[in-house]
Amino acid sequence: MTARPRGDLRYWLAAQRGPLIAAALFAAMFALFVTEHPAGLSANVVNTAANKGVLLAFVAIAQTLPVLTSGLDLSVGSVFVLANCVASTLVTGSPLEIALGVAAVLGCGLVCGALNGLVVVVGRLQPIIATLATGAIYGGVALWLRPTPGGAIDEDFADFVTGSAGGVVPVSLLVLIAAIVLVWIPYRRSVAGRAAYAIGSSEQAAYMSGVPVARSKFLAYMLAGLFAAIAGLLLTCVTYSGEANALLGGSYTLSSVAAVVVGGTSLYGGAGGAIGTIFGAFVLRTIGDLLFVFDIDALAQPLFLGVVLLVSVSLGSLRLLKVKKRLDLYR
Amino acid sequence: MTSLLRMEGISKRYGGVRALEDARLTCERGRIHAVLGENGAGKSTLLKVLAGVVAPDAGTIELDGVPVGFTGPAAARRAGIVSVFQELSLMPDLSVADNICITDPPKRWGLIDHRAQRRIAEQALARVGAEDIHPLAPVRDLPLSRRQMVEIAKALARDPKLLLLDEATSALTAADVAQVFGVLRQLRDRGLAIVFISHRMNEIAELADDCSVYRNGRHVSTFVAGSVPPGEIIEMMIGRDYSSVFPPRPPRRPRPPGPPGPAQRASEPPVLKVTQLSWAGRLRDIDFEIWPGEVIGLGGLDGQGQRELLLALFGALKGVRGEVAVNGVAVALSSPARTQLPGGGIALIPEDRKTEGLMLPMSVRDNLSFAAIDRFTRFGLIDRASEQTAIDAMIQLLRIRADGVDGPVAALSGGNQQKVVLGKWLMTRPQIILLNDPTRGIDVGTKQELYQLLHQLAADRAALLFYSTDYAELIGCCDRVLILYDGEIVRVLEGGALTEHNLVAAAHNLATEPAA
């Protein structure tokens, strides 16, 4: 595209403003973190940070997909926990059994996501309440599978996933990149993916334009289940066990919404994307790390998280100053 | 050879309202067909049926002689029918190119090919002479006229067999209109059929090959363009039976026609004086004055800035330029709360009573006292006794059915709901009342009660600014009618010149006949 390169760059920058701000914020915070960290920029420090960040990033990507259609998925945390419980049961044994186990975990996520999609699209329930209910069901299934913490995962597999490739690049980060390249980018460039943006931007206009509204929404929720399950698998690799921890699920659900917003995706839908969400998740996780290296009381962490969130969200609301019909502010 | 399109016996009701009744339309290939009629004649509904947006209650549609039924816009599009509607069908967050190619994007290896898509978008824009629009710009950032060009480019890029345009050029500049018309003529000459709705008579004269006139949901006449003079077309749109459809009008108050006499002008300032009011290109240099006891109508076609004018006066718009003086004192109207002025405020009876006028689940009593709650508040607490007395008086004045006053307002009929909206604002004892199409969807009996109430209010020296899409109502109720066209007051009709013919003619920005 050499026709109007300057104009193109301008529009690209405008569209990527959210992700770029989140990326810059993360870069600055992470630089500060490694300079303050006693061990400096060592593979170990990077690996630990990556494992934590990637966990949240996957859950947050799961959240991004429904949010783009101007929905919400309150069940991502429960699917994450359920996948953890399934993985702690099935991902053991011979390499073939491990592969089948991984497939089962991901399949479980897809099924949960598909159920969400059905309830939202066919049942026409509001996503927030529909997924609150299905999330409780998934949490219940997880408890039934694993009433007490336990189980195991193949340790070689787990160590590989949470380790570093060649002692430098965290494997979890590679998994994240692979998921982006193999799932997100094709989705973003498919008709269904663009339809998701169209629906989030104006569902009526999308319908009037002949966009396959129902199918695209369904796919968004189904993929959300898949991403949440990938996160659950990673969690199992980190903890070597499974636990139907409802608190953990809830906290990941809320953090996922925060990461989505910090990453520049509008909760009204139609704008944003998974790349920004990844940086949003990394920013949230780095806050905790920073507080740690600066020796700040762990009890103050929620407060700082809240302040960062508030500032990020306010940046996104600046455009409301341009609204000319006051009535539009109250819709 | 069979006609491209034949619609017969199309009927559609919305609740008790008849939108279409046994309507028909026949279109030929290579012809441009204008659909004419007043506000509410059923034109838009007819096109929506054709576009698969509205399912008709009865009737048949034949395309190329084959009966069809559309389950949705996508089905109509597959049959080759593409539409451009008043409510834009663009996704604001998506880029221009994404919007143009939304339904059938070019693909490579199963994924959207952005280069090819951009090429298509650039060609589509160039075709309608809108090269100034960057294909990567988000639609959100474009002004309305550019969006409409994108909408037209999008429709043409789908290569339709039958193109429907519903007020598709209403926001365009004259140069854009000329360009678009040029493209439409080319398409027609290549055998495309085009159906369009426009309220601009000059556009119809310029573009149409055939015309069909509709009135009250019925087909009136179809003729070759140019074979019927404009005056006669307007007669068809109004209809001779028009007056019998509406209730007997309340008697005009005995008052000489013309502006308030010199005596009144000298003795007191106008209660509302608007000077050079402008907003966002949608309102332009509006000037007018209202004296106490006057009912001023806002006429013209729907969507020419009447609603915006009322909202501006009520403080709901931002960036309004110009001066507004109440009783000779300039006021800054920055929010609806600020319109509660000492000595009587400004009230707005909104367009949509269900969302902007009422809190539906709450009781009639609560709804009535909301706007005037300050009147009953002492030391931050609501004085229930004085509140109830005032509410009872209002219920009596409005003759709201008493058995429902403690129940949710949602349970009342539309007419009674509208009375509650009006009552809610009368409780504030306003001196200026803005009414935004207050009788829409209301039964005849309640309409008459409302008219009587308006006259009573005017007799009590309130000033009323009254927007209605119903011309008979404007004639029946108003002392003067300001005709808006494209955000400007183009004509003021009063006295003997206030006739249906002149209202319709002025609304289409045609010459009016002098007062009889």
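This is a predicted model: local features need pLDDT of at least 70, side-chain atom pairs count only at pLDDT 80 or more; totals for chains, interfaces and linings use all residues.
Local features need pLDDT of at least 70, side-chain atom pairs count only at pLDDT 80 or more, and totals for chains, interfaces and linings use all residues. Residues are numbered from 1 along each chain as its sequence is written, chains are lettered from A in the order in which they are written, and side-chain values use heavy atoms, without hydrogens and water.

User: Is Leu68(A) buried or exposed?
Analyst: Buried means under 20% relative accessible area, exposed over 50%, and partly exposed in between (1.4 Å probe, protein chains only). Leu68(A) is found in helix α3 (residues 43-68) of chain A, helices being DSSP runs of H or I with at least four residues, numbered from the N terminus. Because its relative accessibility is 1%, Leu68(A) counts as buried.

User: At what angle do helices α8 and α9 of chain A pack?
Analyst: Axes are lines fitted to C-alpha atoms over the stretch in contact, and angles run from 0 to 180 degrees between N-to-C directions; contact means heavy atoms within 4.5 Å. The axes of α8 (residues 171-188) and α9 (residues 191-201) of chain A lie 5 Å apart, and the angle is about 65°.

User: How far apart in space are Leu68(A) and Gly273(A)?
Analyst: The two residues are 205 residues apart in sequence.

Conventions. Helices (H or I, at least four residues) and strands (E, at least two) are DSSP runs, numbered from the N terminus.
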